[in-house]
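Subject: Salt bridges in the attached model

Hello,

Here is the structure I said I would pass on. Please load it before reading the notes below.

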Amino acid sequence: LPVITPDGLLGIVQLAEAHTAQVTLIYSPTLKIGAIAQRNPPPAGLIRGESPQKLLLEFVDLDAPAQVGDLVTTTGFSSAIPGGIPIGRIVQIANDKDFGTRRAQVFPNVQIGGVREVFVLR
């Protein structure tokens, strides 16, 4: 289940018990989530954490029309995570023609130090 704040996605519940839950934060390199840049047409890819200040979005298409400043949200392609949950904004884009990939660095909307309340979506 997704864990959100008013600013966007914080993580995914990995283990739930009666009064507690263990959450993998979006900053974790082990968590990969489908994401899209908000543009027309919206380019899709997978986003994973690198640090609390940097996420990496790898686009499926080398020619993905993403730009610096684009809002990145969840895709909604998963039955567990609805689409449109804000993740962050693109701060840098680089093409790797040798590997045929386009990668964007994303600054996350949610900063863990400022979180007071979270919501778990069902």
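The notes below cover the salt bridges and the residues that form them.

This is a predicted model. The count of salt bridges comes to 5.

Arg48 takes part in two of the contacts described here. One is with Glu50, where the closest N and O atoms are 3.7 Å apart. The other is with Glu58, with a closest N to O separation of 3.8 Å. Arg48 belongs to strand E5 (residues 44–51) and Glu58 to strand E6 (residues 54–59), so this pair ties together parts that lie 10 residues apart in sequence.

Glu50 also forms a salt bridge with Lys54, and there the closest N and O atoms are 3.2 Å apart. Through shared partners, the salt bridges join Arg48, Glu50, Lys54, Glu58 and Arg103 into one network.

How accessible are these residues? Arg48 has a relative accessible area of 22% and is partly exposed. Glu58 is partly exposed at 27%, and Lys54 is partly exposed at 28%. For Glu50 the relative accessibility is 38%, which also counts as partly exposed.

Regards

Key: Residues are numbered from 1 along each chain as its sequence is written. This is a predicted model: local features need pLDDT of at least 70, side-chain atom pairs count only at pLDDT 80 or more; totals for chains, interfaces and linings use all residues. Side-chain values use heavy atoms; hydrogens and water are left out. A salt bridge is a side-chain nitrogen of Lys or Arg within 4 Å of a carboxyl oxygen of Asp or Glu. Buried means under 20% relative accessible area, exposed over 50%, partly exposed in between (1.4 Å probe, protein chains only). Helices (H or I, at least four residues) and strands (E, at least two) are DSSP runs, numbered from the N terminus.
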